[in-house]
Amino acid sequence: MGTSGQDGDLAAAPAGPRLAGLVSRLADLGGHAGLTRDERLRAGTLVLASVLIALLASVWVGTYLALGHVRSAAIPALYQVVTAVGLLVLVRTRRFDRFRRTQLLTMLVLPALLQASLGGFVASSGMILWALFVPLAALALGLRPSAVWLTAYLAEVVVLALLDPFLTRYAVDLPRDLATWFFVLNIVGVTVCAFVMLAYFVEQRARVHRALEVERERSERLLLNVLPAPIAARLKTTTDVIAERHESVSVLFADLVGFTEHAGAMAPEDLVALLDRIFSGFDRRAEVEGVEKIKTIGDAYMVVAGAPDPRPGHVQALARLALAMREELDAVATETGQDWLQVRIGIDTGPVVAGVIGRHRFSYDLWGDTVNTASRVQSLALPGQVQVTARAAAALRDDFDLRPRGRLEVKGKGTMETFLLQGARVS
């Protein structure tokens, strides 16, 4: 009968990865959805150690049966049965606490019984060494519980030492060379099993930490997409309200002209793709100028320069950005064939209050007269033009060409003198 393709792939798979997969599946028996990553790791470590010891117990079972010591062979065989039954119950119930208690108690008692049945420390080749796994495995419960198990182990060793003169009277007669090799096997077996158990724990712990680091970096990237870097850094160190007054910043508002009317005739995916192309280009230009995008609202775009970190030349930075945004939109219009694309931009400069609002969805925002004025100047701008207030124009006059537009009626402000930004002045 032929094998399926999947079976063939498994047969051809290297032994190393197959063994690693088997170890992982065994270790996963101790975990379920309700456990944390650390709890699953600790559970997996004990399951792995239990299976390793049960497999090695076959050496003692076979050897003692061959020598006719049925009672001594029955003790490691009992450990194998307890472990196998415990694993089956664990798979069905996912009650790891019950499995853990049973395994720790069995690991503690059975090596002592086996040592006693063989006739003490020398005749058993130091079988009590295997009980050392008990305090090591109990470390997963915490230092205090593991200290209780360590005390029980040490007390057991002391009791066996006191009983040793009596037990040696009934010692089994093992060949001297065999007893020596059993000493070696016990020492090597305990050492290798402890190393494998701890190596698995360390490797899995490192894997968990790497996964957590990836998640942390992803969370930080997401946070930086929402908040300016200085604000994101402060949020990681404080739970206080973040609110600041900035006496000198510049604010830019941009709005796509006629976008609502044209959007109604576009397929949803085309609409979103177009907005993404436009605003991604604006984002790149803002990054070049070192200014902070605050938010997008529909087809509107808001930027600040001079906050959260003060900087010189913030008005000039926004003027350069405004001109670059017009160029970017012209390029998008040519690239997509949307020749109706135009933008209105308004800029003002002055004081603002800035801060973070929200607890589950953070938002860094600005408030104040400067913000309101920049928004209203934008709404009154001519299509394709950058309109600035008189105080912004005063700061830009030395570096940019400006054309007076005259006085406009601005809601909430009365009449205001405004200017149109023509371009950077050529020296």
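A salt bridge here is a side-chain nitrogen of Lys or Arg within 4 Å of a carboxyl oxygen of Asp or Glu. Keep that rule in mind, everyone. This is a predicted model, where local features need pLDDT of at least 70, side-chain atom pairs count only at pLDDT 80 or more, and totals for chains, interfaces and linings use all residues. Residues are numbered from 1 along each chain as its sequence is written, and side-chain values use heavy atoms, with hydrogens and water left out.

Let's start with charge. Side chains of opposite charge can pair when their charged atoms come close. By the salt-bridge rule, the count comes to 14. Which residues are linked in a network of salt bridges? They are Arg277, Arg284, Arg285, Glu327, Glu328 and Glu335.

Take Glu328. Its side chain meets that of Arg277 in a salt bridge, at 3.0 Å from N to O. That pair links distant parts of the chain: Arg277 is in helix 11, Glu328 is in helix 12, and they are 51 residues apart. Helices are DSSP runs of H or I with at least four residues, strands are runs of E with at least two, and both are numbered from the N terminus.

Glu328 also pairs with Arg284, at 3.5 Å, N to O. Again the partners sit in helix 12 and helix 11, this time 44 residues apart.

Buried or exposed, where does Glu328 fall? Glu328 counts as buried, because its relative accessibility is 7%. The cut-offs are under 20% relative accessible area for buried, over 50% for exposed, and partly exposed in between, with a 1.4 Å probe and protein chains only. Arg277 is partly exposed at 22%. So is Arg284, at 45%.

One more pair, elsewhere. Asp401 and Arg425 form a salt bridge at 3.2 Å, N to O. Asp401 lies in strand 7 (residues 400–410) and Arg425 in the segment after strand 8 (414–424), so the bridge ties together parts 24 residues apart in sequence. Asp401 is partly exposed at 32%. Arg425 is partly exposed too, at 42%.

Now helix 11 itself. It covers residues 268–289, which is 22 residues. The expected span is 1.5 Å times one less than the number of residues. That gives 32 Å, and the end C-alpha atoms are 32 Å apart, so the two agree.

Which residues of helix 11 are buried? Leu274, Leu275, Ile278, Phe279, Gly281, Phe282, Ala286 and Glu289. The face turned away carries exposed residues: Glu269, Val272, Asp276, Glu287 and Val288.

The buried residues of helix 11 pack against several elements, including strand 1 (243–256) and helix 12 (314–336). Just after helix 11, Gly290 takes a positive phi of about 70 degrees.

Last, the core. A nonpolar core is a set of buried Ala, Val, Leu, Ile, Met, Phe, Trp, Tyr and Cys residues joined through side-chain atoms within 4.5 Å. The largest has 41 residues, and Leu252, Ile278, Ile345, Ile347 and Val388 touch the most other members. Helix 12 gives the most to this core, with eleven residues. A second, separate core has 40 residues, among them Ala49, Leu90, Leu110 and Cys193.

Terms used. Contact means heavy atoms within 4.5 Å.
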